[in-house]
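Grab the model and work through these exercises with the viewer open. Each one sets a task and then walks through a solution.

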Amino acid sequence: MKMIYLKSFVSCLLLFLFSGQVYSKNPQLPGNVQNYIDNEVPKLMKKGGIPGLSLIILKDGQYRIMNYGYADVAQNQKVKLGTLFQLGSCSKAFTALAVLKLEREHKLSLNDDISAYISWMHPTYKGKTVNIKISQLLHHTSGISWKTISKIPQSDEPDALQKNILQIADIKLEHLPGKKFEYATINYDVLALIIAKVSGQSFEEYLQKNILDHLDLKNTTIGKPKQFSALAKGYKVGFFEPREYLAPVFKGNNAAGYVISDAEDIARWLMFQMGLVKSDLSDLAKDTQKADEGVAPQNSSFYAMGWERSLNGRNEIYHGGLNPNYTSFIAFRPDQRIGIALLANSNSGYTEMIGHDILDLLGNEPVSKNFQTDDKNDAAYSVICLILVIYMLTLLSYFIYLIIGIRKKEVQFSGFSFHIIKRTGIVLVLLLPALLGIYLLPEALAGFTWKAIYVWSPVSFAYLIGCFLVAIGMSFSLYVFNLFFIENNKYKRIVPSILLMSIISGLSNIIIIILITSSVNSTIDVKYLLFYYFLTMLLYLGGRKYVQLNLIKYANDIIYDLRNQLITKIFSTSFQRFEKLDRGRIYATTSDDVNAIGQASNMLINLFTSLFTAIAAFLYLGSIALWPAVLTALVILIIGGLYNYVVRSTNLYFEKARDAQNVFMSLINGMIDGFKELSLHQYKKEEYKKDVGQSAYVLKTTVSTADKRFVNAFLVGESSLILLLGLIAFAVPKLFPQISNSAVLSFIIILLYLVGPVNNILSSVPSILRLRVSWKRIQTFLAEIPATIELGYKQQQLLEKVESFEVKDLAFSYENKELDSFFSIGPISFQMNSGEILFIVGGNGSGKTTFAKVLTGLYVQDSGEFLINGSKVKNSQLSEYFSAVFNPSFLFEKIYIREVEDKSAQIEHYLDLLQLKDIVSVQDGLYNTIRLSSGQRKRLSLLQCYLEDSPIYLFDEWAADQDPEFRNFFYRTLLPDMRKAGKIIITITHDDRYFDVADRLFKMNNGKLELYDKLRLVE
């Protein structure tokens, strides 16, 4: 027994030293209650933003007072005996007692109509005047809406109560009096005015003398404290912390919320209500506790008079109080002889939760896990504020970037235009619904005015509205600024707006889910919920449409520009180097790789949107329950890391697939170019088909392997998300028992919603890997293409007439590093004059074609030089003096010459001359067909030469595909006509019957060019 007392003494000592000051008539409490008080109350005070608290516990006729925290944080003043608090709505029980005292004195009746005392008050229901009874005011069944709290004027004037009731003199009731319960604090202000009129005193004077002083509540007053220095500073929660807040004075609402008291007086008041303190008002106190069962219960309780009676079967009587900067909670169970009271200097909902928990423990019951603290608004406002601040900082960063761009002249002033004014006007019109939504917020959230909602809402709400307005103003200003100052780089110009709309779309997206999850048991009028739902949905869809449409343009622009860049680089290289490029790579890079980059831009923006949505969602989840949100985020990060690890192993297979595609495209190109040769022999055709099939099989296998590994990785992510949902549903309630079921349900709903964005984030990993592969290959390909020709530069003026063309000491060689051998031509020297024809003959492999390519500037010579009219000509300009038909020749459908539209007569003449008039026609510079025989195609190529009208012609085996008649026409008619026109003609031929046409005849032999007649003499 001594040990028990010793333990009790130590426990009390520790409680005094570490938990706060303890004043007790009987210090003994059940162990579970003591444990909760010692361990949980300080934690919940911190979590709920309660700086100071007085706790009164009543058991078996004895009470204990425990004081926690600070009455004034800034001055480091702790809560102690005598610290005063506003009681909020717990004040109503005092007013109800006063009314019943007047009834007992026959000065009024609860069945009286209020019009008997306030003649100028004429409430109506559906346009008809109705009567409200005093009892209906006491029971909150008057039909007056709870939203009328916002009409209570801020005033400390003597007539404040009268002015308050005047606000509702002609009020339209929500329902008929006596038919439905609706808590409306102003009901008790009407009672206060009736008390004043009946008693002939001010309400405050009557209550002080006849109730407070009568019950020997020495430190209790109404409206104003006896000593302001004893009143705890009031605090209001904002951004997850209590912040000192000086609330306005609502003297007209004293009867409903502004009794001021301390712990000792409330302990006496609690004992009085339980019948433990005898008074001539005790029977009236019992009457105030009688429930009004004539209407349906609300929240599992009936309302009495300033008290609520629970339907939980424990005969529990309770009431909570909430002022802008104070809270209180008083509850008792007469049958169990237990009671609890809490006084706090903060507007936290945790005050009532602590009270319920302790009362349950005192009654040997488990603590309820489903108690709603109603403190989530600050968390939601704070999270949205944080998101808006990040958004505004992003806008500011972009604005600074534009300013820097203006200084660097990378951003240019576009000037004023009607287009800008029009777009500005359209945006202003589109902003109106959003501004209307902000304007309606107080009415939508609580039926309040702006003035009232700033008083009753968390500190963060005012900042939220400010952030909203600033964000809208910054967005609009930056939009208009962007209309006037345009980024030179079109991609930099469009990316910010896409990202901006992605943020807005993502934010709207998460607001939609918040609206949906918050709509359960919401007191917000459904019309406002629908208004904000559709407004946010339109904002989301509008932003999404803007992003998607611009992404289409953005992606296609990227594809176009990359292809242009590749094509420009290809066209900027010499033919000599172009021949070395693998055709399969050209096809694959300009098609597949470029398309992958374009699609990746869409993926990256969607990734950004999904990331922003996920971050915003987790911030909101953190506002519901921090540690479960942190745990969930960590699990998702682990899933992401595992997924990334698995996916990265597929990168090798994507590389192999890309290489296999190059091989396949090269074989396809060979099939197209060499189908004629393949078709000659069945064996050759079948073997080539096998090679193509084998390449297609390798491509299929590597792509399938890469895609299968991606599916495996995707299933890892998908199954992990499903397991995560199971973790939330089954593990979180066990790991965090304080989390309510509704909070767990909100987690599950939001995580189900986040499956899409999270999957987008996870699936973007292989896309990013493919993007890296494609980007690397494009850049490698660009680097490997040697740009030796400058496109678009102003060419040097060509000589109008070429009198002579001289080749001096020309030499060129091929080097085959793999075979360690080379083939060369030269040195070659000769000169030709205007109107001269030169024939070159020689066997296959003698170097004729190579010589023709060097001669026309397609290959760059190793040594030697070219002279026209005696002047040296650069290799890059040499080709401009030539028109040529190579073997094999390629025919374009379009005639690529200058001013082709002015040469229709010439075209008709040459088509007739080349015997093609009845076969081919030209319209708008296009041939109607190029599906011709090889001989006819070469004639069209010759037409190109005629139209180009260059001073030097080169023909490589031109007549080889012509019929004998036209071959004769070419040598005997066309070439002599060209000579007469002053052309220099170089013809590679084997037609010895027409050697006499040439002025000189050369033979190419093993890379050497010698006069044919000289060789004949040697033989």
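**Exercise 1.** Find the bridge partner of Leu-954 in β28, then work out which strands β27 pairs with and how the chain gets from β27 to β28.

*Solution.* Step one: the partner of Leu-954 in β28 is Ile-986. Step two: β27 and strand β28 (residues 984-988) run parallel and are joined by five bridges; strands count as paired if DSSP finds at least two bridges between them. Helices (H or I, at least four residues) and strands (E, at least two) are DSSP runs numbered from the N terminus. Step three: between β27 and β28 the chain passes through helix α30 (residues 964-980), and this β-α-β crossover is right-handed. Right-handed here means that, with the strands pointing away from the viewer, the path from the first strand over the helix to the second runs clockwise. Step four: β27 also pairs with strand β24 (residues 882-885), in the parallel sense and over four bridges. There, Ser-883 has Tyr-953 of β27 as its bridge partner.

Before going on, a word on the source: this is a predicted model, in which local features need pLDDT of at least 70 and side-chain atom pairs count only at pLDDT 80 or more, while totals for chains, interfaces and linings use all residues. Residues are numbered from 1 along each chain as its sequence is written, and side-chain values use heavy atoms, with hydrogens and water left out.

**Exercise 2.** Decide how enclosed β27 is, and sort its residues by face.

*Solution.* Start with the count: five of the five residues of β27 (residues 952-956) are buried, so the strand is largely enclosed by the rest of the structure. Buried means under 20% relative accessible area, exposed over 50%, and partly exposed in between (1.4 Å probe, protein chains only). Next, recall that in a regular strand the side chains alternate between the two faces of the sheet. In β27, Ile-952, Leu-954 and Asp-956 lie on one side and Tyr-953 and Phe-955 on the other, with both faces covered.

**Exercise 3.** Is Thr-987 buried or exposed, and which residues does Thr-987 contact beyond its sequence neighbours?

*Solution.* Now set aside neighbours within four places in sequence, and Thr-987 is in contact (heavy atoms within 4.5 Å) with Leu-838, Phe-839, Ile-840, Phe-955 and Leu-975.

Lys-545 is exposed, with a relative accessible area of 55%. The C-alpha atoms of Lys-545 and Met-501 are 9.4 Å apart, although 44 residues separate the two along the chain.

**Exercise 4.** Which members of the largest nonpolar core touch the most other members?

*Solution.* A nonpolar core is a set of buried Ala, Val, Leu, Ile, Met, Phe, Trp, Tyr and Cys residues joined through side-chain atoms within 4.5 Å. The largest has 155 residues, and the ones to look for are Ile-134 and Trp-269. Leaving aside neighbours within four places in sequence, Trp-269 is in contact with Ala-93, Phe-94, Leu-97, Leu-215, Leu-217, Trp-307 and Ile-330. A second, separate core has 41 residues, including Leu-891, Ile-897, Phe-955 and Phe-970.

**Exercise 5.** Trace the strands around β14 and say how enclosed β14 is.

*Solution.* Take the pairings in turn.

- Strand β13 (residues 308-310) runs antiparallel to β14, with two bridges; Arg-309 has Ile-317 of β14 as its partner.
- β13 and β14 make a hairpin with six residues between them, and Gly-313 in the turn has a positive phi of about 85°.
- β14 pairs with strand β15 (residues 326-333) in the antiparallel sense over seven bridges, and Ile-317 has Phe-332 of β15 as its partner.
- β14 and β15 also form a hairpin, with two residues between them.

Last, the burial: six of the seven residues of β14 (residues 317-323) are buried, so β14 is largely enclosed by the rest of the structure.

**Exercise 6.** How do helices α3 and α7 pack?

*Solution.* Helix α3 (residues 92-104) and helix α7 (residues 203-212) pack at an angle of about 80°, their axes 10 Å apart. That makes α3 roughly perpendicular to α7. Axes are lines fitted to C-alpha atoms, for helices over the stretch in contact, and angles run from 0 to 180 degrees between N-to-C directions; under 35 degrees counts as roughly parallel, over 145 as roughly antiparallel, 65 to 115 as roughly perpendicular and the rest as oblique. Among the residues that meet are Phe-94 and Leu-97 in α3 and Phe-203 and Tyr-206 in α7.
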